[in-house]
2 protein chains.
Amino acid sequence: MLNESYNQYSFILDRTARKVKQYAQTAFAEQQFDLTVDQWIVLRTIYENPSLSNKEMAELCGKDQPTLTRIIDLLIKKEFAERISHPSDRRSLRLHITKKGEDKIQEIAPKVADFRMQAWKNLNEEDFAHFTRILNTIYDNLTQK
Amino acid sequence: MLNESYNQYSFILDRTARKVKQYAQTAFAEQQFDLTVDQWIVLRTIYENPSLSNKEMAELCGKDQPTLTRIIDLLIKKEFAERISHPSDRRSLRLHITKKGEDKIQEIAPKVADFRMQAWKNLNEEDFAHFTRILNTIYDNLTQK
DNA sequence: TAACAATAATTAGTGTGACAAATATAATTA
DNA sequence: TAATTATATTTGTCACACTAATTATTGTTA
């Protein structure tokens, strides 16, 4: 048997993260939000932090730049966001939400909060503190200084 | 501000899971294992549970069937695994590891265990108990009976 | 036993993640 | 200021996740 318990922890972590995302995505589809979970995350981040560059936005969303570029492409195709060129640096751009994007946020934010709660049932404040501390410890262990 | 703390938990979970996988994948690449992390997980599962069907193996690996099919395709291309047809049910097949696959397991298993440990530094037995309990609670919350 | 339903596996399509390379522009320096 | 270096973004490629559709085969029932 090669099954060291550490392998098991990786497995549990990966499996749970996928389940959380999948559960949300199913709800998004059922309620016809016309957004994926990741598109929603990015749209919400643009809404809360307008006028950032691609690079800054990627950092905030916890995604790499190419991934963010492609998600923005899709949000623009759906007319929820737009790229505004930077006045003095033509390499750069600023990400903005559109009116249609804001409306979408207003429409679905409460519903998202609603079914997101399902994941955290049967857990208390102390559990959340452990959860945050332990996962952040793991993250820091693997992030070079 | 729409930033309910529950969104934050999803973010931390997703970010940590990706970091753990990415860290391992980088080590796999550096040491030229000629496997992705997921291919390794599947190969190890086949090794430990020989002669299961695609469906059963997918269940054990925590992956869906199409994903498993493609990972197996890649393992077969690398000659680490093979599909054997079921004697009485021609729809079904049995997954087996090859000699070359077994050699690969023997070669890299200790090395994997080695750098996998990096993720779990600064955590004690009690933390692991919390980790397992909390993540499994979340998973169960989202898995219909 | 012929028609229908169920099952195992694969294929197709879209989205995301990671990494490298390419492109365009700006900043620096010789 | 011409050449070089650095930066912002996009494009290309491969792998994985998920859903739906397809194919092949087996089981069930009228």
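This is a predicted model: local features need pLDDT of at least 70, side-chain atom pairs count only at pLDDT 80 or more; totals for chains, interfaces and linings use all residues.
**Two chains and what lies between them**

The top contributor among them is α1(A), which gives 16 residues. If you sort that side of chain A by class, you get 27 nonpolar, 13 polar and 12 charged residues.

How many residues take part on each side? In chain A 52 residues are in contact, and they meet 52 residues of chain B.

Now the charges. The count of salt bridges between chain A and chain B is 2. One you can look up on the screen pairs A:Arg133 with B:Asp127, where the closest N and O atoms are 2.9 Å apart.

A:Arg133 also comes up in the next stop, A:Thr137. This threonine sits in helix α6 of chain A, and its side chain reaches the backbone oxygen of A:Arg133 at 2.7 Å. Is A:Thr137 buried or exposed? It counts as buried, because its relative accessibility is 16% and the cut-off for buried is under 20%. Setting aside neighbours within four places in sequence, A:Thr137 is in contact with B:Lys121, B:Asn122 and B:Leu123.

A:Asp14 belongs to helix α1 of chain A, and its relative accessible area of 17% is why A:Asp14 is classed as buried. Leaving out residues up to four places away in sequence, A:Asp14 touches B:Ala17 and B:Lys21.

Let's move on to the nonpolar cores. Which residues have the most contacts inside the largest one? They are A:Phe131, A:Ile138, B:Phe131 and B:Ile138, in a core of 28 residues. The elements giving two or more residues to this core are α1 (5-30) and α6 (125-141) of chain A, together with α1 (5-30) and α6 (125-141) of chain B.

If you centre the view on A:Ile138 and again ignore neighbours within four places in sequence, you will find it in contact with B:Thr16, B:Val20, B:Ala119, B:Trp120, B:Leu123 and B:Phe131. There is also a second, separate core of 27 residues, and B:Phe28, B:Ile46, B:Ile71 and B:Ile105 are among its members.

Last, let me zoom out to chain A by itself. Chain A has 6 helices and 2 strands, and from the N terminus on, its elements run α-α-α-α-β-β-α-α. Along the principal axes, the C-alpha atoms of chain A fill a box of roughly 60 × 40 × 30 Å. Of the 145 residues in chain A, 45% are buried. And for contacts within chain A between residues at least 6 apart in sequence, 52% join residues at least 24 apart.

Technical notes. Residues are numbered from 1 along each chain as its sequence is written. Chains are lettered from A and ligands numbered from 1 in the order in which they are written. Side-chain values use heavy atoms; hydrogens and water are left out. A nonpolar core is a set of buried Ala, Val, Leu, Ile, Met, Phe, Trp, Tyr and Cys residues joined through side-chain atoms within 4.5 Å. Buried means under 20% relative accessible area, exposed over 50%, partly exposed in between (1.4 Å probe, protein chains only). Helices (H or I, at least four residues) and strands (E, at least two) are DSSP runs, numbered from the N terminus. Contact means heavy atoms within 4.5 Å. A salt bridge is a side-chain nitrogen of Lys or Arg within 4 Å of a carboxyl oxygen of Asp or Glu. Ala, Val, Leu, Ile, Met, Phe, Trp, Tyr, Cys and Pro count as nonpolar, Asp, Glu, Lys and Arg as charged, and the others, Gly among them, as polar. A polar contact is a pair of N or O atoms within 3.5 Å; within protein, one must be able to donate a hydrogen and the other to accept it, and residues adjacent in sequence count only if both atoms are side-chain atoms.
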